[in-house]
Amino acid sequence: MRFRLPCLTCAFALLACGPVVATPVAFVPNEASGTVSVIDTATDRVTSTITTGGKPRGIAIAPDGKRLYVSDQTANGLAVFDVGTNGAPVRVSLGDSPEGIYLSPDGRKLAAAIEENNRVLIVDAASLSIEKRVAMRGKNPEHAVWSPDARWIYVSAEEADSVDIVDVARGEVVKSITVGERPRGIGFLPDGSRAYVAAEHADTVAVIDVASQTLVTKIKAGVRANGIAVHPDGKRVYVSTGGDGTVQVIDVASNAIVATIPVGRRPWNLALTPDGRKLYVACGRSNFVAVVDTVENRKIGEIPVGQLPWGVVIR
């Protein structure tokens, strides 16, 4: 594995500037390139590239910006990069074909979806020890997203029509809610009251009431609804549509789609800046990240990255 140490140091320079002047940084895993592209969201340019090797997919950043976590499908593991150490990443075996990885709201735990083992692992983010191995009902789990209160993990699986709900304290699936064929991206409102799940083969977004664990409604979306991102103000939800090459904007109050924005070929996973003013969308078949102005609901840029970008995480 090749590892560009100077680039890693530069990648996190913006994160170390302090809360007043720090510029949000976007990290984009490129499946076919074996790299992570690092984007300065102030200039919308790639400032450095981290060579991970293998097939990087899921990605997460510690709340303090000191650790970068990347799942590697070919190595069946997790690569963890420590900021400022100029050392090789720590590698941890997870299981067969890990994909989405997500940190708990406090950054202390990591949930990892392990496709071919049909499990979600709960990992101590500091020691990197595996604390729980949770069997899923759906096959080929892809995303494992924490609720804002860290009580639940919602899990989507490619070979299912339901989202599995993990009770974190019990370490087991306690309920499955039918949402539509091939559930994909998941997002929660900031107050944790509702969850949104894209169903790729159903072309819908399911809305779930978290307190009662019941389906509220299904919103008709574009072709192959996929990634989900929730605006920090809790008023809008964004869904990528892989077949249409768009991002659609859902008004939370009305459950209606209020805008459709062309972005690129096979838009996948996506993320918002902390202030919610810009949305970054990994367009897998275009090999770029589309930048969307969320005030005007229009694409304002394309940032070339590696091949087959899987998603985006911003810190």
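Student: Over how many bridges do strand 20 and strand 21 (residues 236-241) pair, and in which sense?

Tutor: Strands here are DSSP E runs of at least two residues, numbered from the N terminus, and two of them pair if DSSP finds at least two bridges between them. Strand 20 and strand 21 have four bridges, in the antiparallel sense. This is a predicted model, where local features need pLDDT of at least 70, side-chain atom pairs count only at pLDDT 80 or more, and totals for chains, interfaces and linings use all residues. Residues are numbered from 1 along each chain as its sequence is written, and side-chain values use heavy atoms, with hydrogens and water left out.

Student: Which residue of strand 21 is opposite valine 230?

Tutor: Look across from valine 230 and you'll find valine 237.

Student: In what order do the strands of that open sheet run?

Tutor: The order is 20-21-22-23, four strands with antiparallel pairing. Strand 20 and strand 23 (256-262) are the edges: each has a single partner, so one side of each lacks a neighbour in the sheet.

Student: Now glutamate 31: buried or exposed?

Tutor: Go by relative accessible area: buried is under 20%, exposed is over 50%, partly exposed is in between (1.4 Å probe, protein chains only). Glutamate 31 counts as buried because its relative accessibility is 12%. You'll find glutamate 31 in the loop between strand 1 (25-30) and strand 2 (35-40).

Student: What is glutamate 31 in contact with, beyond its neighbours within four places in sequence?

Tutor: Contact means heavy atoms within 4.5 Å. For glutamate 31 the partners include Arg57, Arg266 and Trp310. Glycine 306 is 275 residues from glutamate 31 in sequence, yet their C-alpha atoms are 8.1 Å apart.
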